[in-house]
Amino acid sequence: MKIALFASGEGTNAENIIRYFSQSCEVVIPLVVINRKEAGARRRAESLGVTVEYIPKREWEDEGRVLSLLRSYGIEAIVLSGFLLHVPDYLLRAYPERIVNIHPALLPKHGGKGMYGMHVHEAVVADGDTESGITIHLVDDEYDHGRTLFQAKCSVLPGDTPEDVAAKVHKLEYEYFPKVIGEWVHEMSRTNPER
């Protein structure tokens, strides 16, 4: 299955996913799409031989441009890896149940618009939560909402800072995100062998 990664930031998860599948015969990642020209994901992906396409925010409304780009690479599914734009409806229609996101908290807690990155970890600490973690889920038309594929937890100790929580959550992301993507692709291939 050919998967495009969408990224907005430094791209550490994108790099981890590309490396994980670099020898895979079940998953190929021919394309990383970024919405910020200076995103670190560009450098990371290009250093691993993956093509990067930059689409500025205003151009995401151009359905024809985005879909033709994805089709030109034969993209069958999309993985959001630190992608901070709301996914347009036309992508949800073109890739139903085929867009996956990772959220750095245990949804439904600490999800929704504006809840990303350190904002999430700050909210976890401010609320006095004793655990946090990751949620890997399918994307629908609401922020951080679609069907959950997987969750993993980590403890939040008294005195932990948001940075401490972030470090624990990043560890879970690196460990589980590629594996869950692989399992999801395998399940889709098994239930829909013709794709």
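1. Let's start with a word you'll need throughout: a residue is called buried if its relative accessible area is under 20%, exposed if that is over 50%, and partly exposed in between (1.4 Å probe, protein chains only).

2. A quick word on what you're looking at. This is a predicted model, where local features need pLDDT of at least 70 and side-chain atom pairs count only at pLDDT 80 or more, while totals for chains, interfaces and linings use all residues. Residues are numbered from 1 along each chain as its sequence is written, and side-chain values use heavy atoms, with hydrogens and water left out.

3. Now the overall layout. The protein chain has 6 helices and 7 strands; these are DSSP runs numbered from the N terminus, with helices being H or I of at least four residues and strands being E of at least two. Walk along the sequence and you get β-α-β-α-β-α-β-α-β-α-β-β-α.

4. How big is it? The C-alpha trace spans about 50 × 40 × 35 Å along its principal axes. For 195 residues, a compact globule would have a radius of gyration near 16 Å, and the protein chain agrees with its 16 Å. That radius is taken over C-alpha atoms, and the globule rule is 2.2 Å times the number of residues to the power 0.38.

5. Next, contacts, meaning heavy atoms within 4.5 Å. Of the contacts in the protein chain with a separation of 6 or more, 66% are between residues 24 or more positions apart.

6. Which residues have the most contacts inside the largest nonpolar core? They are Ile3 and Leu5, in a core of 37 residues. (A nonpolar core is a set of buried Ala, Val, Leu, Ile, Met, Phe, Trp, Tyr and Cys residues joined through side-chain atoms within 4.5 Å.) Helix 6, residues 162–191, gives the most to this core, with 9 residues. A second, separate core has 22 residues, including Ile55, Leu80, Val87 and Tyr90. Back to Leu5: leaving aside residues up to four places away in sequence, Leu5 touches Ala14, Ile17, Ile18, Ile29, Leu31, Val32, Val33 and Val79.

7. Have a look at helix 2 (residues 40–47), whose buried residues are Gly40, Ala41, Arg44 and Ala45. Down the helix axis they fall within an arc of 125°, so they line one face of helix 2; the arc is that of the directions from the axis to the C-beta atoms. They pack against strand 1, helix 1 (12–20), strand 2 and strand 3. Glycine 49 follows helix 2, with a positive phi near 80°.

8. Helix 3 (residues 63–72) has Val66, Leu67, Leu69 and Leu70 as its buried residues. Their arc is 155°, so they line one face of the helix, and on the other side Arg71 and Ser72 are exposed. Just after helix 3, glycine 74 takes a positive phi of about 70°.

9. Finally, the aromatic rings. Rings of Phe, Tyr and Trp (its six-membered ring) pair if their centres lie within 6.5 Å; planes under 30 degrees apart are stacked, over 60 edge-to-face, and the rest tilted. That rule gives 5 aromatic pairs. Tyr20 and Phe21 make an edge-to-face one, 4.9 Å centre to centre with 80° between the planes. Tyr20 is partly exposed at 43% relative accessible area, whereas Phe21 is buried at 8%. Phe6, Trp60 and Phe83 form one aromatic cluster.
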